[in-house]
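Thanks, everyone, for making the time.

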Amino acid sequence: MGSDAIEGLLDESRTFPPPVEFKKGSLQTSAEIYDEAEADFEGFWAREAAELDWYQEWDTILDWQPPYAKWFVGGKLNVSHNCLDRHVEAGHGDQVAYHWEGEPGDTRTITYAQLLDDVQRTANALKELGVGRGDRVAVYLGMVPELPTIMLACARIGAIHSVVFGGFSAAALRDRINDSECKLLVTADGAWRRGSVFSLKDNADEALADTPSIEHVLVVKRTENDVEMTDGRDLWWHDVVPGQDADCPPEHMDSEDLLYLLYTSGTTGKPKGIMHTTGGYLTQVAFTHKYVFDLKPDSDVFWCAADIGWVTGHSYIVYGPLANRATSVMYEGTPNHPAEDRFWAIVAKYGVTQLYTAPTAIRAFMKWGDEHPAKHDLSSLRLLGTVGEPINPEAWMWYREVIGGDRCPVVDTWWQTETGGMMIAPLPGATTTKPGSATFPLPGISATIYDDRGNEVGVPGGGYLVLDRPWPSMLRGIWGDEQRFKDTYWSRYGEGIYFAGDGAKRDADGYFWLLGRVDDVMNVSGHRISTTEVESALVSHPAVAEAAVVGRADAQTGQAIAAFVTTRGGVEENEDLAKELRDHVAKMISPIAKPASLLFTGDLPKTRSGKIMRRLLKDIAEDKQLGDTTTLADASVVDSIKNRYLDSPHDG
Ligand code: ATP
Ligand code: MG
């Protein structure tokens, strides 16, 4: 194995073909679609784009001047028309678009006809507030129905939304508003979070002290906490929106007009304002939502349990599902309120057929125990999806067996804010899956693996994941920072080669295994070892719920592996267990991968989107000043780990 390859060490032999019952009714049961798409990828995407309504057809499918791509050049369409009007016009106005469930247990049922009505009134309100084509609108809301409504209203009139996750601080909101000079802010009095009110408006006010571009603030009433309204600037949603005319014809947007800006989660550093456009984006999110989730719009109840504040929510709560006329569940709150079975109660209540969530949530469910899902009838589920981090094989198996009752395919989907839609994922009726592998690039998508020097790595082999061909929902830039766009993604390898920043390998069968962030790869005595594999080995031990490992500088071995471990409920944490776990890794992988130190911790530092922030653990392990912590969900976790790490015994 070459010195720059990442060593692949875990079990690649377990396979799960599509479950027989699932396959019977599946939309796509043959792998021929891959070859069809490969034979002419532009033609393939053009056929998918033609599934949408266009006011004017494109002249050119793809104009590729690396690193700048334009898709469906000259075509005109409107995203809100494609998500709403065309379904209502086709007679589906009474179909439920969202079963919305509030955290306190209140509910709203929103049909396609109602949503279209709400969106048009909201669009007219935006116009009244002086918002028009190309203007930026910041949105800082919890998971309330007004959130998809305002996004679609922006899309209808050609304004660009920038949704900021409702859990972010005033400073994070301020920076994002100022970065793109938003004209309007849409927020709420508050948001429900684990039974208490998080005052969005107070945070917004703090941010607004220093956001000169904002002219108005539109405030949704949700939690009824007292808020201050600034005269002339702040307006209640209920005073402005419901009285508007429910007719607002959609703007004819260019395929390449900006649809939205969205900042990355900040796992690796300062967030980037990713730019997404109209025609290509909608084409790819609709295609991937339909085929990866095997969507049957007449019978399915689809639930993506992410927050709309992340790209997962943009693409798979709002745009993909609505473009495909899905009926979705939208849930406002946390998975453990009022109790640890809330998700399973929701699945049973609405008869959810597809559930899409993140490994961090799945590991939390494992930690909380099997008795919670066992209380509910989960037999409506027919497919399970995951996104956000590499999924440990143990968590994948648990998801499949305990939640999916062994009858649901599990689709592990790799993609990024930058890619806009899924890139590497199984087709559930056609692809044989392996726990821990995202399988293959989707039809029409091309991905491969390079080594340090820019040579393609053969099969099997590991290195850096790259995308060597443009795709319709790709980012078109970083707002206001062209140089960073070029430097971050397009300068490492040759022209037109997108550097994803993730390590990956392909096994002998050509399956892709995502191995974690390139920056996190550890180098122990000349062996390049991925964080994902060591963590997965730890998680495969019955005592472990979650684990993070980092390489800290070591005089002898270059780097030594420091492990941070969260145990499952009821496990006693002691030196013997620590030793047992370190030995377990040595046995499962190799003595080289054995952690030099192992610290038990109640929690791991995570982004607000739930991803483990290894760079902070590395700072702790190397006793360095902590890097950027602004996107950290809970800053106290890091302090407590830091104190305990310094006190804990280390051996080499
Ligand atoms: P930032 O770019 O600001 O550091 P981020 O990368 O966490 O933040 P996102 O765009 O939300 O922001 O996350 C994309 C990343 O999440 C991918 O690059 C990858 O590291 C990880 N990821 C997402 N899905 C998967 C998956 N199925 N398997 C492995 N890793 C995944
Ligand atoms: Mg990223």
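Let me begin with a definition: on a 1 Å grid over the protein atoms alone, a cavity is a set of points where a 1.4 Å probe fits but cannot get out, and its lining residues have an atom within 4 Å of a point. What you are looking at is a predicted model, in which local features need pLDDT of at least 70 and side-chain atom pairs count only at pLDDT 80 or more, while totals for chains, interfaces and linings use all residues. Residues are numbered from 1 along each chain as its sequence is written, and side-chain values use heavy atoms, with hydrogens and water left out.

By this rule there are five cavities of 30 Å³ or more, where grid points are joined across faces, edges and corners and a volume is the space filled by probe spheres set on the points.

Of its 652 residues, 64% are buried, meaning under 20% relative accessible area with a 1.4 Å probe and protein chains only.

Next, the nonpolar cores, that is, sets of buried Ala, Val, Leu, Ile, Met, Phe, Trp, Tyr and Cys residues joined through side-chain atoms within 4.5 Å. The largest holds 135 residues, of which Leu185 and Tyr319 touch the most other members, and helix α6 (residues 146–157) supplies the largest share of this core, with eight residues. Another core, of 28 residues, lies apart from it and includes Val301, Leu384, Trp396 and Val410.

Finally, which residues of α13 are buried? They are Pro359, Thr360, Ala361, Ile362, Arg363, Phe365 and Met366, so to speak seven of the 10 residues in this mostly covered helix (residues 359–368). Those buried residues pack against α12 (342–350), β18 (354–357), β19 (383–386), α15 (393–403) and β28 (544–554), with contact taken as heavy atoms within 4.5 Å. Just after α13, Gly369 takes a positive phi of about 110 degrees.

Definitions and conventions:
Chains lettered and ligands numbered in written order. 1 Å grid on protein atoms, 1.4 Å probe; cavity = no way out; pocket = protein on both sides within 12 Å on 5 of 7 lines; lining within 4 Å. Buried < 20%, exposed > 50% of the residue type's maximum accessible area, 1.4 Å probe, protein only. Helix = DSSP H or I, 4+ residues; strand = E, 2+ residues; numbered from the N terminus.
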